[in-house]
Each structure stands twice: as C-alpha cells, then as structure tokens.
Amino acid sequence: MPELTTTREAGEAPVAETRRLKYGEAVNAALARVLAEVPQTLLYGEDVGKPGGVFGVTRGLRRKFGDRVFDTPISEAAILGSAVGAALMGARPIVEIMWADFSLVALDQLVNQAANARYVSRGAAPAPIVVRTQQGNAPGACAQHSQSLEALFLHVPGLRLVMPRTAQDAHDAVVSAVHADDPVVIVENRTLYFGDKTEVELGGAARPMGWSHLRRPGRDVTVVSWGAVTGQALAAAESLAAGGVEAEVLELTWLNPLDMDAVLASVARTRRLAVVHEANVTGGFGGEIVARVAEAGIALDAAPVRIGAPDVRIPAAPVLARSLLPDAGGIAARLSEMVR
C-alpha cells in the first residue's frame, strides 16, 4: 500500500490555533487542512467544486487547491466507484454524497468493493476513501431526503462510521478519517451547518478514531445518543434535573470504532439504560447497544429503553415530521417512567 505522506517535515507537529467557527465552517477548515497537508487527497462530488457545495461547506476550496477539487455528474455510483479505484492506486479521495439516501444507489461500490479491499488483498491494498454525507430530517424534507441510515452501514464489516455533532468533532472527524487506512463514512446533519459559532481548535495531531464524550454526569439513568438528536437528550436531562432526576448523557461520536467501554462503565454506575437516536427504532443501532450491555451481564434496575422514530416514512410537512421524531419532552417522559 502506498504510504501516506504529508507536507510537514518528519517529526514536525501541526501548528494549533483556535478560531470561532460554525459547524460547516469547521468542516471546511478541516478539508482545507488535509488538502494542504496530504498531497494524495482529492475532493469531489456533485456541486462540490465551483458551487462550493449545496450547503456551502466546500466553498472556496477549488479556488485554493485547483483541479484537486472538482465537480462530478449526478452519479453516486461513479463517484464512489472512482474513489475506490483512486484509493487503490494511492490517492486519498474525499467524496461527498449529497444526501445519505442517495448512497443507496452505490452500495455495491461501498459495501462490496471499498469495505472488502483490505481483506481480499490480505492487507496489501486497502481503500482509504472518506465519504462525507449528511442525513436526518430538516424542515420540508421529504421521505427520500430524511432517512437515518447509520445502522445499515454499521452492519458492514470494514466500514468505519462517525457522526459528529459539534463543530470541533466535525473538524476532527475529517482529519482522523483522512489518516485512516479503512473507508470511513462521515455522517453530518444539515441542521447543524449554520448553528452558533463555537471555539474550534485547528491543527494538532490527528486523533485516533473511536472517541466519545460524557456530556453530562448523572446517577439515575444513562442516556446514550449520537448525532444531532443528542441536543434533545441533553435538554431532556436538564429538565429532569429540576425534579431531582439526574440523567447521565454519553455522546458516541464514533459508532465504529465504538467506545463500548464508556457505555458499560456508565451503565454500571446508573443501572439504567436509554438509547436515543433519530433513526427508526426497528433495526436501529440502539438495539445493538442494548444487546451488548445485556451480554456484559450488568444487572439493571429497569428494562432498557430505545427511543427513536416509529417505523413510518418521514412526511414533508414540518409539523408532521416533528410529531414523529424524538424531542426533549418525549425523551424526558420516557426517562421519568424508568426511574419511578
């Protein structure tokens, strides 16, 4: 496998700085960093180059890096298929699939080719591609633009997956993914792109994959969540605190690799478990978390709870969509039932 190279001298650490950025701006900064530091990187997808991305996330990168940032036809199969081929020849492609729903057109390239490359080549030719996409509901989205598909990708050995919620995690996920030798799917959420600016540390060494965050300590119940809906879980925990219920909120930024040790440690303290995700409950990754806790033999004081969307298509009407998705009030009600 061609060795990853950078423009830094051997042993030279990246220069760190801190800037206030929105989520989308943090992704842009990370992409600019890896394009500058890793000569093998390419960045492409539908509207990624000259338009700067349908959400503006890649704006300005073609002007800065030229033909290494370019637009493609509307063909997800071609985008992912060419990325696999380029990776096998030594490149580090970063491709964008505009909506996660559209990745279904190219599952063969992702599941049968990219995820298998390391295994079938006995480690000699992995496919280190990075697939940036975004998923979940937003006001006015229709059923083909609102699915949460992380569990589908997590069922595939060989694929890594990260769902950053904060600007800092979004930046760090891009950098870590580019330095990984496995195909990595970065699942963003368009409702986060234009939020408030927060402090983001740029530069520094690439973080190892697999981190999580204990966002709120508590003693009564462990709430495990990931992606944008974690904000609703945190709001639910704060509302319960006023009534004396202390919920511990653990945010899993990476789902593969998964920080299961952090989950088990938290559940061992609280002896209750609720998993919250935007995806529909049946077949959701919450069931996997619950199963692993059960297999660990931790004695629980209440049956574990999965909180997610019901098994229906998400309607375009915002008021109808909101009625289906987990929110702070609904999460708080379910948690209250657990600690009675």
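Predicted model: local features only at pLDDT ≥ 70, side-chain atom pairs only at ≥ 80, totals over all residues.
Mentor: On a 1 Å grid over the protein atoms alone, a pocket is an open set of points with protein on both sides within 12 Å along at least five of seven lines, and lining residues have an atom within 4 Å of a point.
Numbering starts from 1 along each chain, and side-chain values use heavy atoms, without hydrogens or water.

Trainee: Which residues are closest to the centre of the second largest pocket?

Mentor: Of its 20 lining residues, these are Gln 147, Ser 148, Leu 149, Ala 279 and Asn 280. Strand β13 gives the most to this lining, with three residues.

Trainee: What makes β13 (273-280) a strand and α6 (150-154) a helix?

Mentor: Both are DSSP runs numbered from the N terminus: a strand is E over at least two residues, a helix H or I over at least four. Residues 273-280 and 150-154 are such runs, and each element gives two or more residues to the lining.

Trainee: How do you know that β2 and β3 pair?

Mentor: Pairing requires at least two bridges found by DSSP. Three bridges join β2 (residues 41-45) to β3, so the two strands pair, and they run parallel. Tyr 44 stands opposite Phe 70 in β3.

Trainee: Why is β3 called an edge strand?

Mentor: In the open sheet β3-β2-β4-β5-β7-β6-β12, whose pairing is mixed, β3 (69-71) and β12 (254-256) each pair on one side only; these are the edge strands.

Methods:
1 Å grid on protein atoms, 1.4 Å probe; cavity = no way out; pocket = protein on both sides within 12 Å on 5 of 7 lines; lining within 4 Å.
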